[in-house]
Amino acid sequence: MWKPTKLPEKCNDSNINRTLYYRNQKQRGVIQGMNDEEIIKLYCSRSDTAISETDKKYRKPCMSIANNILNDISDSEECVNDAYLKTWNTIPPQIPKYFPAFLFRIVKNAALSRYSYNHRGKRNAEVIVSFEELGECIADSSDVHESVDKRELAELINEFLEGLSREKRIVFVRRYWYFDSVPQIAKLTDISEEKAKSMLMRLRISLRDFLKERGVF
C-alpha cells in the first residue's frame, strides 16, 4: 500500500526536518503546541513526555483516522494508544522526515489490522470503496510489482501530489489516506459533493496517466 513518507536509517538532529507530501495543509483537529522537531527530539532522548506531547497535538486526527476504519470509539482509542507505543519503540533508530505522516501511517495500519481481526468477512463500505477506486490506478498486480517496488511507488505518488493544486491535494489525501467519505470531503473543502466526485475521478485518471508515463504499467 502507498505510504506518503519514507524513513532514514539513523536518528540525528541533521535529519530532523519536514518533507511535506502535500504542502501547506494544516491537519484538521491538530492543536498547535510543541513543534514536530521538538517532539521527535523527545523520542530520541527517551523523554517520558514524548507520547503525551504527541497525544496533545495529534489525538483528534489520529482518532478520526482510526474511527473512519473501525466505526468504534473504544477500538479506535486502543489503536491510537498502540500506535503511540509503536512510535516510541521505533524512534530511534528511525526518524520520520514528516512526523504526522509517519504517525498517521502507524495509526491507519493498526486500525486496519484491528478491523481485519474484528470483522472477518465483513466490509467497511468507505474503506473498501476507496481502496477499489485507487486500485484502478495502482492495482496490486504482478506487472506493477515487477516494474516498481512499494517505496518507489510511494515516491511517484508524492511527486504526483506535489504537481497538484492545494485543493486537489487535500481532496486526494483525505479520500485515499484518511478514508473520508465524499460528503466529509465536500464539507471540509467547501465544495459540492458532485464536484468532489468529479475531481476524484479526474485525479484517478491523471494518476494513472502519470504512472504510465513513468513506466509503471
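Me: What percentage of the contacts in the protein chain with a separation of 6 or more comes from residues 24 or more positions apart?
Reply: This is a predicted model, in which local features need pLDDT of at least 70 and side-chain atom pairs count only at pLDDT 80 or more, while totals for chains, interfaces and linings use all residues. Residues are numbered from 1 along each chain as its sequence is written, and side-chain values use heavy atoms, with hydrogens and water left out. Contact means heavy atoms within 4.5 Å. Among contacts in the protein chain with a separation of 6 or more, residues 24 or more positions apart account for 72%.

Me: How many helices and how many strands does the protein chain have?
Reply: Helices (H or I, at least four residues) and strands (E, at least two) are DSSP runs, numbered from the N terminus. From that terminus on, the elements run α-α-α-α-α-α-α-α-α-α. The count is 10 helices and zero strands.

Me: What percentage of the 217 residues of the protein chain count as buried?
Reply: Buried means under 20% relative accessible area, exposed over 50%, and partly exposed in between (1.4 Å probe, protein chains only). Of the 217 residues, the buried part is 46%.

Me: Is helix 1 roughly parallel or roughly antiparallel to helix 2?
Reply: Axes are lines fitted to C-alpha atoms, for helices over the stretch in contact, and angles run from 0 to 180 degrees between N-to-C directions. The axes of helix 1 (residues 36–44) and helix 2 (residues 49–70) come within 8 Å and cross at roughly 150°. Angles under 35 degrees count as roughly parallel, over 145 as roughly antiparallel, 65 to 115 as roughly perpendicular and the rest as oblique. So helix 1 and helix 2 are roughly antiparallel.

Me: Which residues of helix 1 make the contact with helix 2?
Reply: The contact of helix 1 with helix 2 has six nonpolar, two polar and three charged residues. Here Ala, Val, Leu, Ile, Met, Phe, Trp, Tyr, Cys and Pro count as nonpolar, Asp, Glu, Lys and Arg as charged, and the others, Gly among them, as polar. Helix 2 brings Thr49, Ala50, Ile51, Glu53, Thr54, Lys57 and Tyr58. Helix 1 brings Asp36, Ile39, Leu42 and Tyr43.

Me: Does helix 2 pass helix 4 in a left-handed or a right-handed crossing?
Reply: Helix 2 and helix 4 pack at an angle of about 35°, with axes 9 Å apart. A crossing is left-handed if the near helix is turned anticlockwise from the far one by less than a right angle, and right-handed if clockwise. The crossing of helix 1 and helix 2 is left-handed. That of helix 2 and helix 4 is right-handed.

Me: How far apart in space are Asn118 and Leu70, C-alpha to C-alpha?
Reply: Asn118 lies in helix 4 (residues 99–118). At 31% relative accessibility, Asn118 is partly exposed. Asn118 and Leu70 are 48 residues apart in sequence, and their C-alpha distance is 9.0 Å.

Me: Which peptide bond is cis with omega near 15°?
Reply: Most peptide bonds are trans. A cis bond joins Ile91 and Pro92, with omega about -15°. Pro93 is in the loop between helix 3 and helix 4. The cis bond with omega near 15° runs from Pro92 to Pro93.

Me: Is Asp190, with its positive phi, buried or exposed?
Reply: Most residues other than glycine have a negative phi. Phe179 has a positive phi of about 65° and is buried at 1% relative accessibility. Asp190, in the loop between helix 9 and helix 10 (193–213), has a phi of about 60°. At 70% relative accessibility, Asp190 is exposed.

Me: Which residues does Thr189 touch, not counting residues up to four places away in sequence?
Reply: Thr189 is in helix 9 (residues 182–189). Its relative accessible area is 16%, so Thr189 is buried. Beyond four places in sequence, Thr189 touches Glu167, Ile170 and Val171.

Me: What separates the C-alpha atoms of Ala186 and Ala196?
Reply: Ala186 is also found in helix 9 and is buried at 6% relative accessibility. Ala186 and Ala196 are 10 residues apart along the chain, and their C-alpha separation is 6.0 Å.
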